[in-house]
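Subject: Handing over the structure, with notes on what was found

Dear colleague,

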Amino acid sequence: FNTSVKRRLRSDVPIGTSLSGGLDSSSIVATILKYFKHDLPVSKTENLKTFSAVFKGFKKDESGYIDLLAKRYNIESVRVTPSADDLIKDFEKISYYQEEPYQSSGCLAQFKVFELSKEHGVKVLLDGQGADETLAGYTKYFHWYWQELLLSKGIKFSKNERNKMSDPSGVEWNYKNYMAAYFPKLTAQLLMRRVERIQRNHPEIRNEFLRENFDTSFFFKPVVKKLNDILYFNTFQFGLEELLRYADRNSMAHGVEVRLPFLNHQLVEFIFSLPSQYKIQNGFTKFVLRTAMTNILPAEIGWRKDKIGFETPQKLWMSNPVLQDYIHEAKKKLVAKNILKSTALDKEIIPLDSYDSDNFDWRYLTAAYIV
């Protein structure tokens with residue numbers, strides 16, 4: 001990891017970093033300032049600039065963690081607070097650069113961070129993308145790990161590991177997980193069928209559109225016998241490549257180059273060679289990274305268990321009357337294009353958080369721009 005970070009400091013222009021306040025971006029910042037500050041292409045009087053999107057008052061705002069790291073390492077922390085007005089103002093511009101629907105308003109926050117970097121003359125940013133997919137950083141990976149333990153070490157060991165999680169209520173675990181552990185091929189088939197059934201029975205998409213555009217390859221699910229199987233799938237086949245595409249288009253819109261230390265191929269190969277317990281252990285994700293950063297990061301960051309995921313106050317923004325008008329017009333366009341049923345116009349717009357599974361109104365908004 002140190003080697004990967006050092007190589008990405010090679011530049012003839014000023015370098016900065018994105019900083020969310022989470023483990024990954026904080027690890028990059030702390031590694032630069034502990035080992036390689038002299039390698040930065042800036043004068044000795046300048047500090048490393050970090051760029052963040054913050055949302056004061058939002059329950060998932062990470063300003064406190066950014067403050068903590070800034071104080072520890074005397075960072076010049078540059079911040080922007082995107083708003084519903086920014087989303088309304090920049091929506092068409094972002095959609096133009098993305099050229100496809102995007103999952104959440106987190107795309108705006110990322111767009112504004114890169115814009116901020118450009119305004120401060122920083123043309124290269126290091127970013128923490130890739131660590132969650134390779135090192136099992138999301139809570140959704142816990143049950144895959146517990147299922148692997150069930151097969152490899154038995155029910156008692158798997159249960160003991162589950163009990164070490166501070167709040168297991170957010171992770172599904174029931175009889176289906178036992179079936180998934182012992183019958184992984186059948187589980188993959190059932191998961192594919194379930195997703196396909198949900199899509200075929202979407203309450204607002206026209207049947208004709210579904211018939212003409214339905215592609216079951218989008219619903220592929222891997223056979224997961226161990227944690228690395230699902231991590232490989234999300235890193236190389238479904239998940240990370242979408243996030244990288246968003247970031248590439250957002251950064252290039254501002255002429256900013258993004259470099260990703262966690263995706264150095266040698267580091268990724270090493271991580272995938274590690275047993276699962278190096279990634280999840282004692283109720284912690286990304287265990288090996290946390291351990292490596294123990295004496296480098298503040299413990300409040302290095303061993304924090306909450307996972308934010310660059311989330312914006314999207315639910316609040318979607319309550320904005322102007323944005324609701326945008327969504328209604330988007331639905332009208334999709335109805336006119338014979339994609340949505342006309343009954344969709346009669347349904348109330350429901351503001352939801354970024355990662356809510358039924359956030360159809362947001363998807364209609366971003367899809368309408370490109371059809």
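How many residues does the largest nonpolar core have, and which of them have the most contacts inside it? Before the answer, please keep in mind that this is a predicted model. The largest nonpolar core has 41 residues, and those with the most contacts inside it are Phe 51, Tyr 102, Trp 317, Leu 323, Leu 340 and Leu 365. Two or more residues of this core come from each of S2, strand S3 (76-80), helix H4 (84-98), helix H5 (106-119), helix H18 (321-336) and helix H19 (360-368), and it is H5 that gives the most, with seven residues. As general background, nonpolar side chains in soluble globular proteins tend to be buried together.

Leaving aside neighbours within four places in sequence, Phe 51 is in contact with Thr 17, Ser 18, Leu 19, Val 78, Val 113, Leu 116, Ser 117, His 120, Val 122 and Leu 125. There is also a second, separate core of 31 residues, which includes Ala 70, Val 124, Leu 135 and Met 293.

Next come the strands. In a regular strand the side chains alternate between the two faces of the sheet. S1 pairs with strand S4 (residues 124-126) in the parallel sense over three bridges, and the bridge partner of Gly 16 in S4 is Leu 125. S1 also pairs in the parallel sense with S2, over two bridges, where Thr 17 has Thr 50 as its bridge partner.

Asn 359 is placed in the loop between H18 and H19, and because its relative accessibility is 3%, Asn 359 counts as buried. When residues up to four places away in sequence are not counted, Asn 359 touches Gln 314, Met 318, Leu 352, Asp 353 and Ser 354.

Finally, there is the empty space. Rolling a probe the size of a water molecule over the atoms shows where such space is left. The second largest pocket holds about 240 Å³ of space, and among the 14 residues that line this pocket, Phe 1, Leu 267, Val 288, Leu 289 and Ala 292 lie nearest its centre. Helix H14 (265-273) and helix H15 (287-292) are the elements that give two or more residues to that lining, which divides into 13 nonpolar residues, one polar and no charged.

As for cavities, the count comes to three of 30 Å³ or more, and the largest cavity holds about 80 Å³ of space. Its lining is made up of Ser 20, Ala 53, Phe 55, Lys 60, Asp 61, Glu 62, Ile 308, Phe 310 and Glu 311, and these residues divide into four nonpolar, one polar and four charged.

With best wishes

Note on methods:
Residues numbered from 1 in each chain as written. Predicted model: local features only at pLDDT ≥ 70, side-chain atom pairs only at ≥ 80, totals over all residues. Heavy atoms only, no water. 1 Å grid on protein atoms, 1.4 Å probe; cavity = no way out; pocket = protein on both sides within 12 Å on 5 of 7 lines; lining within 4 Å. Points joined across faces, edges and corners; volume = space filled by probe spheres on them. Helix = DSSP H or I, 4+ residues; strand = E, 2+ residues; numbered from the N terminus. Nonpolar A, V, L, I, M, F, W, Y, C, P; charged D, E, K, R; others polar. Pairing = 2+ DSSP bridges. Core = buried A, V, L, I, M, F, W, Y, C linked by side-chain atoms within 4.5 Å. Buried < 20%, exposed > 50% of the residue type's maximum accessible area, 1.4 Å probe, protein only. Contact = heavy atoms within 4.5 Å.
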